[in-house]
Amino acid sequence: MSTPLVTSLPDYTEPAQRLASDLGYNYQPIRAHRFPDGEYRVSVPTQPPSHIIICQSLDHPNDKLIELLLAIQTLRPAGVKRVSLVAPYLCYMRQDKAFHPGEAISQQIIGHFLADLVDDLFTVDAHLHRVDMLQQAVPLKNAINLSAAPALGEFLLQHDLHPLLLGPDSESQQWAQQIAEVGGFDWAVANKQRSSDVDVRITLPNIDFQNRVVVLVDDVISSGHTLAQATRELQKAGASKICCLVTHALLADGALDLLHQVGINDIWSSDSISHPSNVIHLADMLASELQTLFRS
Ligand code: R5P
């Protein structure tokens, strides 16, 4: 079999090139032109090898899923037999049930769409709340969900902060606990009640935050309201410094301004989604997992 080629859409060039370099494979871009009406013209590498690794995060998913569909359906007839999708951020995982009659269970629908499109899927800290395994959402033998927690924990260890880690809600317990274990940090979890996209109530656990450096840890910052409200509560409780550390810096419109307005000190993220807050590169971890799978 010929050497695989790594490719990506234009917004994810640098992380994809880092992955290609770690794997020792070549990189070539997928090009996408957006027409004024929102349609895409997508161009893939010509004469592709039989195995393509597409390294592409799926933030802004409604555009990127279409771009991926067009790219992969162009690569297949050109001789590509195996498509490995490395999507460090996997979209549509949060809507995992119909909360009201008639709602689409997006996790299942998009998961099945991807399973039909690619042969392997690697992602990081997928938001799996009511399901245990990624295969339940994306029915592929090689649907692999990695954790950025060890890398996030190592990052914190390099900073002499002696932090208290706080997950803003029960779903974040897994990340708070795993990151804390890396550095032996104190950790706790708050309670969150969400009544709308922008209306969030946070109740802090009954511990002493006075003069503590608190690092809020979560899988995702989206609107920023979860971490903004947690910051306000921590300020009232006397925390001396409040930072946040997340895997996926989705940071929807206005989120960064909101977090700065409430006075959060630092925002750190992995490069699962390209953003100026990226301080942790995931390429080493991803390359090692891909090599393990490809060797098996
Ligand atoms: C929810 O369960 C997630 O873990 C995040 O806490 C949430 O998605 C963050 O959303 P936002 O930034 O919009 O409050």
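How many aromatic pairs does a search of the whole structure find? The search finds one; rings of Phe, Tyr and Trp (its six-membered ring) pair if their centres lie within 6.5 Å, with planes under 30 degrees apart counted as stacked, over 60 as edge-to-face and the rest as tilted.

This is a predicted model, in which local features need pLDDT of at least 70, side-chain atom pairs count only at pLDDT 80 or more, and totals for chains, interfaces and linings use all residues. Residues are numbered from 1 along each chain as its sequence is written, and side-chain values use heavy atoms, without hydrogens and water.

Select Phe155 and Trp268. Their ring centres are 5.2 Å apart and their planes are at 65°, so the pair is edge-to-face. Phe155 is in helix α5 (residues 149-157) and Trp268 in strand β15 (residues 266-270), so the pair links parts of the chain 113 residues apart. Helices (H or I, at least four residues) and strands (E, at least two) are DSSP runs, numbered from the N terminus.

Now show the side chains of Arg94, Asp218 and Asp219. A polar side-chain atom of Arg94 lies 2.9 Å from a ligand oxygen atom. For Asp218 the distance from a polar side-chain atom to a ligand oxygen atom is 2.6 Å. In Asp219, a side-chain N or O atom is 2.6 Å from an oxygen atom of the ligand.

Note on methods
A polar contact is a pair of N or O atoms within 3.5 Å; within protein, one must be able to donate a hydrogen and the other to accept it, and residues adjacent in sequence count only if both atoms are side-chain atoms.
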